[in-house]
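Please keep the sequence and the three-dimensional view at hand while reading.

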Amino acid sequence: MTLSQLPLGARPEGRTALRAAYVLGHGENGPRLLKNAEVVIEGGKVLHIGRRFEGEVARRIDLGNVLISPGFIDLDALSDLDTTVLAIDHPVGWKAGRVWPQSYIDRGPYEMYSPEELAFQKKFAFAQLLLSGITTAAPIASLFYREWGETTAEFEAAAEAALDLGLRVYLGPAYRAGGMVCTEPGVLKPVINEARGLEGLAEAEAFVKKWDGAGDGLIRGLFAPDRVETCSEELLKRTFKAAEALDVPVRLHMAQGLMEREAMALQHGKTAPAWLASLGLLSPRLMAPHATWATEEDLALYAQHGVSVIHCPLVSSRFGGKLNSFGKLRKMGVNIAMGTDTAPADMVMNLQAAMMMARMAEGRADAVFSPEIWDAATLGGARALQRKDLGRLEPGACADIAVLDLSDIYMAPTIDPITTLIAGGSARVVKATFVDGRLSMRDGEVAGFDLKAARIQAQKQFDGLVERYPDRTWGHPPVAEIFPPSYPLEVCDD
């Protein structure tokens with residue numbers, strides 16, 4: 001039997017044996033590579049890894065020269081149409097609509113997408129995550145083009161999309177008690193509305209109570225207060241109290257940039273991690289992207305309190321940031337998970353960037369090695385979520401699997417699959433993605449979702465968003481001034 005004969009978008013009945021040139025299994029001492037091995041899945045669980053299974057199977061599929069790996073865990077998974085791409089060559093936020101001007105506040109912020117567009121972008125993003133071999137995701141989206149925070153309605157749609165496509169997700173609408181406002185060119189000030197933030201928390205709590213555990217556990221809850229400088233003390237204290245009561249994680253972006261550093265110094269006289277430590281809120285429940293501005297003291301606090309750092313090397317490096325450093329955090333005992341936080345949501349490309357960033361940060365080739373990077377995208381994410389059934393392939397674990405093609409024409413010859421993939425792989429080599437035993441993606445297709453047509457719709461929706469950028473950019477210049485082309489542009493229509 002071949003992979004093409006498995007039903008796409010469904011969990012096959014009975015036992016399925018997948019044979020491959022390499023399997024990244026899990027043993028008593030951690031991950032281990034198995035050559036010419038197979039994985040047997042039954043229902044949503046792994047039944048066997050290793051030599052040929054001697055028990056009965058409904059089907060046996062030889063996948064050939066591939067690596068069967070635990071699916072990737074993306075804890076900062078982009079779920080909008082990537083507004084960060086607009087900032088790559090236009091990084092000054094107040095000049096490019098990424099910090100609201102006072103005039104936009106005065107006229108009243110508004111939603112720049114319809115409810116249908118918000119639902120579409122989540123489903124489109126989820127499909128792209130599956131293309132990358134990502135099996136568990138905690139979505140992230142920009143609030144700059146929102147009226148304030150994310151809504152329960154769009155996350156209801158997101159939950160339905162995840163169930164429809166077959167993606168494991170940790171969901172909760174983002175909320176905030178304020179934001180940074182540009183009051184004059186280059187001058188940014190925090191504006192706080194705590195009552196509105198608490199309303200957002202209440203809505204998020206109701207969402208988590210309704211959806212946590214849905215789809216036989218495919219949907220889990222998450223509290224996602226927005227960037228730390230947009231949150232009040234009361235909002236964060238209530239967030240962690242609710243998360244403790246419902247036993248779900250909290251993701252809070254902090255130690256990630258100059259704007260945050262300056263805002264925290266102005267409001268609290270401390271860095272963000274030090275402020276949370278003073279409030280007694282640092283704990284293993286907390287997942288903290290990106291740590292690129294974390295001080296030595298901040299990192300020590302993370303290590304002391306079991307905070308997981310979500311490393312997003314590709315988006316960080318695009319804006320001149322770096323984690324300092326992957327190797328240092330590991331030695332300190334900080335758990336590192338991975339996030340993509342940009343489009344395309346290519347986890348393999350992010351692992352390449354993580355390798356290069358870690359070695360450049362320390363100026364030596366032995367600062368980190370490929371297995372440590374791969375572990376961050378699998379076991380690191382599982383530890384951050386406090387899940388022993390994710391990020392590994394062993395009997396009893398969830399059947400969340402990424403199949404990566406080692407014979408792809410873009411790939412170099414293989415001596416070791418992990419090293420080879422990190423050196424030169426990308427999402428293009430992901431051949432199939434299984435989630436909870438279901439074949440969710442095969443050869444660039446997901447069941448019931450036309451990705452080519454969706455890509456056209458995504459471009460149209462993105463273009464409509466860009467047209468509205470003057471409304472929330474200082475001085476309201478035209479789009480051509482906010483985002484000038486990389487080279488002089490000549491339109492050649494007849």
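## A lysine in helix 2

Lys122 lies in helix 2, which spans residues 115-131. Helices (H or I, at least four residues) and strands (E, at least two) are DSSP runs, numbered from the N terminus. The model is a predicted one, in which local features need pLDDT of at least 70 and side-chain atom pairs count only at pLDDT 80 or more, while totals for chains, interfaces and linings use all residues. Residues are numbered from 1 along each chain as its sequence is written, and side-chain values use heavy atoms, with hydrogens and water left out.

Lys122 counts as buried because its relative accessibility is 0%. Here, buried means under 20% relative accessible area, exposed means over 50%, and partly exposed lies in between (1.4 Å probe, protein chains only). When neighbours within four places in sequence are left aside, Lys122 is in contact with Ser79, Ala141, Glu150, Glu154, Phe155 and Ala158; contact means heavy atoms within 4.5 Å. Lys122 and Ala159 are 37 residues apart in sequence, and their C-alpha atoms are 9.3 Å apart in space.

## Aromatic pairs

A pair of aromatic rings is described by the distance of the centres and the angle of the planes. Rings of Phe, Tyr and Trp (its six-membered ring) pair if their centres lie within 6.5 Å; planes under 30 degrees apart count as stacked, over 60 as edge-to-face and the rest as tilted. The structure holds eight aromatic pairs. In one of them, Tyr104 and Tyr110 have ring centres 6.0 Å apart and planes at 65 degrees, so this pair is edge-to-face. Tyr104 is buried at 0% relative accessibility, whereas Tyr110 is partly exposed at 21%.

The rings of Phe155 and Phe207 have centres 6.0 Å apart and planes at 85 degrees, so they too form an edge-to-face pair. Phe155 belongs to helix 3 (residues 152-165) and Phe207 to helix 4 (residues 194-211), so the pair ties together parts that are 52 residues apart in sequence. Both Phe155 and Phe207 are buried. Elsewhere, Trp100, Tyr104 and Tyr110 form one aromatic cluster.

## Cysteines

How many disulfides are there? With a disulfide taken as a pair of cysteine sulfur atoms within 2.5 Å, the count comes to zero. For Cys312, the closest cysteine sulfur is that of Cys231, at 17 Å, which is too far for a bond. Cys312 is buried, with a relative accessible area of 1%. Cys182 is likewise buried, at 0% relative accessibility.

## Backbone features in loops

Two cis peptide bonds may be examined in turn. One joins Pro289 and His290, with omega about 5 degrees, and His290 lies in the loop between strand 14 (286-289) and helix 8 (296-305). Another joins Ala343 and Pro344, with omega about 0 degrees; Pro344 is placed in the loop between strand 16 (335-338) and helix 11 (347-362).

Asp341 is also found in the loop between strand 16 and helix 11. Its phi is near 60 degrees, a positive value in a residue other than glycine, and Asp341 counts as buried at 11% relative accessibility. Asp436, in the loop between strand 18 (430-435) and strand 19 (438-442), has a positive phi near 55 degrees. Asp436 is buried as well, at 14% relative accessibility.
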